[in-house]
Amino acid sequence: MSNDSITIKKPFDAHVHFRRGAMLRAVAPISAQKFSAAIVMPNTDPPIETIEQAAEYKKEILAAFPAGNTFNPLMTFYLTKNLKPEEIEKGLSNGVYAVKYYPYGATTNSQWGFRDILEAKELLSEMERAGMPLLLHGEVHVDESENEVDPYQGEKQFIESVFPRLLEQYSDLKISLEHLSTKIAAEFLEKNGETGKLVATVTPHHLLYAREDVEDKPLLRCKPLIKSASDREKVRGLVAEGLPFLSAGTDSAPHPESKKFASPAAFGVFNSPVAIELYTQVFDELNALDKLEEFLSINGPRFFGIEPSKETITLVKNDWQVTEPVVTDEGVNVWPIAHKEHGLGNETIHWQIAI
Ligand code: DOR
Ligand code: ZN
């Protein structure tokens, strides 16, 4: 490692959305080129709720890669009312690595989620018993009186009013709190995080941007919403500590331009073409490049019980800009964040993967 070059094990993405069909064929190969493996989100339509569906989805993903690609897609179930407790243990021996919770109504395809995670008693008990990790979209969207919560307060409410009860009632459940976006969540993790037991993922966009800069930028509209600069500073401070229970989860969530440039824009940030580079830029700004490899390539695989990659990648300090969208084989544009025109405006990325 020097000031302008760093070689690390090939990264692991602990949270990615590939979708299906033409979108999948356009975006999954980008992740497969840059990452060694990823935890693949199950909020497709229909949702992934059985081992057969997970296997079929995995087959579709693998078919999108060029011959010889060794990327490992790690599948997940969606925590819905149709998910059967018997599926949990079977999943563990059939390539399913976790179960994902979405709060009902909060985001893309969340119509199948429970309103309150604590309603899913039987499934949570079975996951705890079997050792199946829970991936949490930790936001309250609709409160106990059925009122919609201010989306800027949803994560805070979850951390204050739901999370402590969940941890108390399922004390052996393995949990990953996904896409930390607030000071209060970062402080909670700093205090209670524990390798193999209570971990968290962080996106590049929650490390890089602040509410004030993105409110009118459709490409940066996502759930959880991007919060204030002071929230961002706390999340940045947390990753700079090099804690073993924090890892990269890009939450790359592509939508066609017709949905991203609609009003309101669909929730979801497409970042897989730039995520590793942006994380590296942030760690450089934080003088924490020595902590980058653990965060990107080691802590994630450790939680899911797989080996870190044996391959490496090298990043070099070099300015570049994203000038093109990704285009599906049906001719649909998919715009990555940090795009020169459609991101914040004339953004420059300061690190690049060396070929
Ligand atoms: O912004 C988001 N997009 N947040 C989510 O939780 C889901 C995701 C998606 O699937 O589009
Ligand atoms: Zn997501």
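Where is the place of P46? Select P46 and you will land in the loop between β3 (37-40) and α2 (51-63); helices (H or I, at least four residues) and strands (E, at least two) are DSSP runs, numbered from the N terminus. Before moving on, two notes on the model.

This is a predicted model, in which local features need pLDDT of at least 70, side-chain atom pairs count only at pLDDT 80 or more, and totals for chains, interfaces and linings use all residues. Residues are numbered from 1 along each chain as its sequence is written, chains are lettered from A and ligands numbered from 1 in the order in which they are written, and side-chain values use heavy atoms, with hydrogens and water left out.

**Stop 1: two cis peptide bonds**

Stay at P46 and display the backbone. The peptide bond that joins D45 and P46 is cis, with omega about 0°. Now jump to P264, in the loop between α10 and α11. Here the bond from S263 to P264 is cis as well, with omega near 0°.

**Stop 2: the zinc ion**

Select ligand 2, the zinc ion, together with H15, H17 and D251. The zinc ion is coordinated by NE2 of H15, NE2 of H17 and OD of D251, at 2.0 to 2.1 Å. Donors here are N, O and S atoms within 2.8 Å of the metal (3.2 Å for Na, K and Ca); water is not among the atoms, so sites may look incomplete. Along the chain the donors follow the spacing H-x1-H-x233-D. H15 sits in strand β2 (residues 12-16) and D251 in the loop between β9 (246-248) and α10 (257-260), so this pair ties together parts that are 236 residues apart in sequence.

Are H15 and D251 buried or exposed? H15 counts as buried at 1% relative accessibility, and D251 counts as buried at 7%. The cut-offs are under 20% relative accessible area for buried and over 50% for exposed, with partly exposed in between (1.4 Å probe, protein chains only).

**Stop 3: S247 in strand β9**

Next, pick S247, which lies in strand β9. S247 is buried, with a relative accessible area of 7%. Leaving aside neighbours within four places in sequence, S247 is in contact (heavy atoms within 4.5 Å) with A14, A200, T201, V202, F295, N299 and G300.

**Stop 4: the largest nonpolar core**

A nonpolar core is a set of buried Ala, Val, Leu, Ile, Met, Phe, Trp, Tyr and Cys residues joined through side-chain atoms within 4.5 Å. The largest one has 114 residues, and I117 and F163 touch the most other members. Helix α1 (residues 21-34) supplies the largest share of this core, 7 residues. Centre the view on I117 and show its surroundings: I117 touches L79, Y101, L124, L134, L136, F158, V162 and L166, not counting residues up to four places away in sequence.

**Stop 5**

Select residues 275-285. This is helix α11, and 10 of its 11 residues are buried, so the helix is largely enclosed by the rest of the structure. For charges, Lys and Arg count as positive and Asp and Glu as negative; His and the chain ends are not counted.

Then step to N287, in the loop between α11 and α12 (292-304). N287 has a positive phi of about 55° although it is not a glycine. At 71% relative accessibility, N287 counts as exposed.

**Stop 6: N346 and E347**

Both residues are in the loop between β12 (333-334) and β13 (349-353). N346 has a positive phi, near 50°, and is not a glycine; at 52% relative accessibility it counts as exposed. Most residues other than glycine have a negative phi, and most peptide bonds are trans.

What is the nearest side chain of opposite charge to E347? It is K217, 8.1 Å away, and E347 is buried yet has no salt bridge (a side-chain nitrogen of Lys or Arg within 4 Å of a carboxyl oxygen of Asp or Glu). Instead, look for a polar contact between the side chains of E347 and Y209, at 2.5 Å. The E347 side chain also reaches the backbone nitrogen of L344 at 2.7 Å. A polar contact is a pair of N or O atoms within 3.5 Å; within protein, one must be able to donate a hydrogen and the other to accept it, and residues adjacent in sequence count only if both atoms are side-chain atoms.
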